[in-house]
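Please look over the sequence and the model shown here. The paragraphs that follow go through its chains one part at a time.

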Amino acid sequence: MTLSVTGLRVGDLVRNVSFDIGAGERVGLIGESGSGKSLTALAVMGLLPEELPASGSVSLHGRELLGMSEKDLSRLRGDELAMVFQEPMTALNPAMRVGRQVTEPGRIRGRRHRAEELLDAVGLPGTARAYPHQLSGGQRQRVVLAMALANEPSLLICDEPTTALDVTVQAQILSLVKTSLPAESALLFITHDLAVVASVCERVLVMLDGEIVEAGSTREVLTQPKHEYTRKLLDASDLEARR
Amino acid sequence: MRNLVIGGVLVGSVVVAALLSFAWTPFDPVKVDATHRLLGFTGSHWFGTDKFGRDLLSQLMVGARTTLYVGVVAVGIAAVIGTPLGILAGMSPRWLGEFVMRVNDLVLAFPALLLAIMFGAVFGADTLTAMVAIGIATIPSFARIARSGTLQVMSTEFVLAARAGGRSRLNIAARHVLPNISGLLIVQASVSFAIAVLAEAALSFLGFGTRPPTPSWGRMLQESQELLTVQPRLALVPGIAIAVAVLGFNLLGDGLRDRLDPRLAARV
Amino acid sequence: MTARVLRRVAIFVVSVLVASIVVFLFMAVLPGDPAQVALGVNATPELLAKTRTEFGIDRPLVTQYFDWIGGVLHGDFGRSYVTREAIGSQLLDRLGVTLWLVGAGMLVALVIAVPAGTFAAVKHRKASGASVSGLSQIGVAIPAFLAGIILVQIFAVQLRWLPSGGWTPPDQDFGEFVRGLILPALSLGLVQGAVLTRYVRSAVLDTLGQDYLRTARSKGLRPGQALVRHGLRNASVPVVTVLGLQLATLLIGAVVVERVFVLPGLGSMLLDAVGSRDLLTVQGIVLVLVVGVLLVNFVVDVLYTVLDPRLRGS
């Protein structure tokens, strides 16, 4: 198992969450805002704010992450564990050139990546010397993705990466995630949009009020939802035609 | 909340001391009494006396008057002139606003102390010139805050509707802009008051402020210098008074800012 | 970006010119006759007239202004009505002293404020951070000259570690120069340090809450590394603004501190000149001080564009 989460609690916002993700699996985590999905992701990354302690177990390749020292956690982040956040406009350092930011995950580990290569791979040729404010939201999100994938992480977490973007751009980013993620890497894709889950993930977890209320393969959950909430989500979305 | 309370108490004590001094002081602050020179903390003279035998506490109380007086007039001048200027700059076409701000910056290049010294040189140095000089030097701060607040208000829906409805500039300024930026202005007033107190103290210390024999905290400090080794009390008493007043106004300003900020943000 | 810088240069030049006119007119408004002041009450009308011509004050104001400003641009500030000596060279010496004082004061302020402010921001929820913040509030309330008086009392009089005043040029005796500079620089610097600490704290707090720091951490940077590599440059923008304003305050604060420590700087020269109604000297010094402030503001503005690429306008 790449990622094993057991009985995760974060304050009273995430209650008794358990799931596993194997190598190469693409798993979706779906729920509305306030359901605790982002906090779950932050708990895995060890980036929860001080006031919100997590308990339970989160293990990556068998190593327990909760309670790990900041020093060890920071070694894993950007290398084995990577994350793409929701808001691209503020995710990048406005005072540093994009190329420099993109090669940073490699540099701090003594690996020398070429900025142009990393940026080409996400469809941004020639942008290495640009500053973030010169790029659009979609372009910035590509940069963030490039940074996350620079060291070929075992687990990539995407927290609503397309929610803040235009519909047309959304499709581009999604397809980019699908194509540029290495086959052995696992993906935890957080979203509130069922259509997105259907296009990217093989398995899906449905979260409500801090708990996972339904889990299963995408096909199963979307065609034969067992939980009432899942049914409500399906009704509210426009996946009718897809079925 | 705590800032507001502590600040309020500190400022309040200064105000009370000043007001009380109109009715009563333990001794006559300007009366020279050679037999009671340089007394320490005693029962009758709570803070002792200075080298002329003048009671320190009485000097402190009357000095509070000067301090507050200078602060009120200086901040008053700055607010009364700076605010309309700033509002005007905020409501005018861009180039005019920019120009006014440039002039503002120019005035800022003449710090309060420098202006006061210049005024003192030309008009003679006393409390009045000090107040006016500090006031003029503080205008830019008010103008800047007023303009910045005005620009924010001008882009709100209320104002857009009012302008579409054909309301006059003056009307908009009075009914929408002024009430909404008043919070910002009050905070600025408090902070500027603190600065004015420091400036007045420095000026009196240099001999450019209140003329003797009117008591003034800054001059008390200057007079304390020669006897500092033997009577540090002479410096500490006015020094702490100045610090208390400045700290009080700063905390008051901070506290007001904390209270008014979320409401400001919500309204504007 | 060059357009922006050029615009700033233009504004600077215009501001300096306008300021010089304001200063000149202000002094010209002064009631009284410099010749009378210089010669005393018993001077004969002929002598007065002759002196007025010598001073050049019988000419139209516009001529006087251009003459003055033309001279200033060559470093010639004229001759004092009172001492009859060239103002320019004395001004330069005194300016040097004041600049040393201001520079040292700024250094002290930065050395205090950057670590203290950062600490207060990083630990803002803990008692340690709050107490540093509280201390800085109190520090702000103390006038620089009071700090000076207290420092002199402790270190010069009681402990006798440092001199209580006086000035030794650095090329004369460097050790004495430094010793004489410590207490005045501390008086200026401690108080300014308190003011600056609050701004540094605010700037760092703002930066700590930024998303790009979270991104930096998710790449594997530890919190300290993230703050230094990414936060520093962004946090420095508001701090640089304040530094500029602070320099102006320091310049003026130096005037007062020079009194306390009897330093032969621009401040004491100004106060002496005002005392003896030496108007031409006052005019010259005020101009230098005002231009100094304008210059600092100009430099700060240009620094902005260097620090924050968003302001470069592409």
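**A walk through the chains**

With 9 C-beta neighbours inside 10 Å, R160(C) counts as exposed, because a residue is called exposed if 12 or fewer other C-beta atoms lie within 10 Å of its own, buried if there are 20 or more, and partly exposed in between, with C-beta atoms placed from the backbone. R160(C) sits in the loop between α7 (144-158) and α8 (174-208) of chain C. Although R160(C) is not a glycine, its phi is positive, at about 55°.

Before going further, note that this is a predicted model, in which local features need pLDDT of at least 70, side-chain atom pairs count only at pLDDT 80 or more, and totals for chains, interfaces and linings use all residues. Residues are numbered from 1 along each chain as its sequence is written, while chains are lettered from A and ligands numbered from 1 in the order in which they are written. Helices (H or I, at least four residues) and strands (E, at least two) are DSSP runs, numbered from the N terminus.

Another residue of chain C, V262(C), also has a positive phi, of about 50°, without being a glycine. V262(C) belongs to the loop between α10 (223-261) and α11 (266-275) of chain C. It has 14 C-beta neighbours inside 10 Å, so V262(C) counts as partly exposed.

Next come the contacts between chains. Two residues are in contact if their C-beta atoms, placed from the backbone, lie within 7 Å. Of the 2 pairs of chains that touch, chains B and C have the most contacts. Chain A and chain B do not touch, and their nearest C-alpha atoms are 21 Å apart. The contact between chains B and C takes 31 residues from chain B and 34 residues from chain C. On the side of chain C that touches chain B, the elements giving two or more residues are α1 (2-29), α6 (127-140), α7, α10, α11 and α12 (279-307) of chain C. The largest share of that side, 7 residues, comes from α12(C). By type, the residues on that side of chain C are 28 nonpolar, 5 polar and 1 charged. Here Ala, Val, Leu, Ile, Met, Phe, Trp, Tyr, Cys and Pro count as nonpolar, Asp, Glu, Lys and Arg as charged, and the others, Gly among them, as polar.

Chain B itself has 9 helices and 0 strands. Its C-alpha atoms fill a box of roughly 75 × 45 × 30 Å, taken along the principal axes. Of the 268 residues in chain B, 51% are buried. The peptide bond from P212(B) to P213(B) is cis, with omega near 0°. P213(B) is placed in the loop between α7 (169-206) and α8 (217-224) of chain B.

How confident is the predictor in chain B? The mean pLDDT (the predictor's confidence in each residue, from 0 to 100) of chain B is 85, and 97% of its residues reach 70 or more. Within chain B, the lowest confidence is in helix α6 (residues 157-164), at a mean of 80, and the highest is in helix α2 (residues 56-91), at 91.

Chain A has 9 helices and 10 strands. Its radius of gyration (taken over C-alpha atoms) is 18 Å, close to the 18 Å that the globule rule (2.2 Å times the number of residues to the power 0.38) gives for 243 residues, so chain A is as compact as a globular protein of that length. The C-alpha atoms of chain A fill a box of roughly 50 × 45 × 30 Å, taken along the principal axes. Buried residues account for 47% of the 243 residues in chain A.
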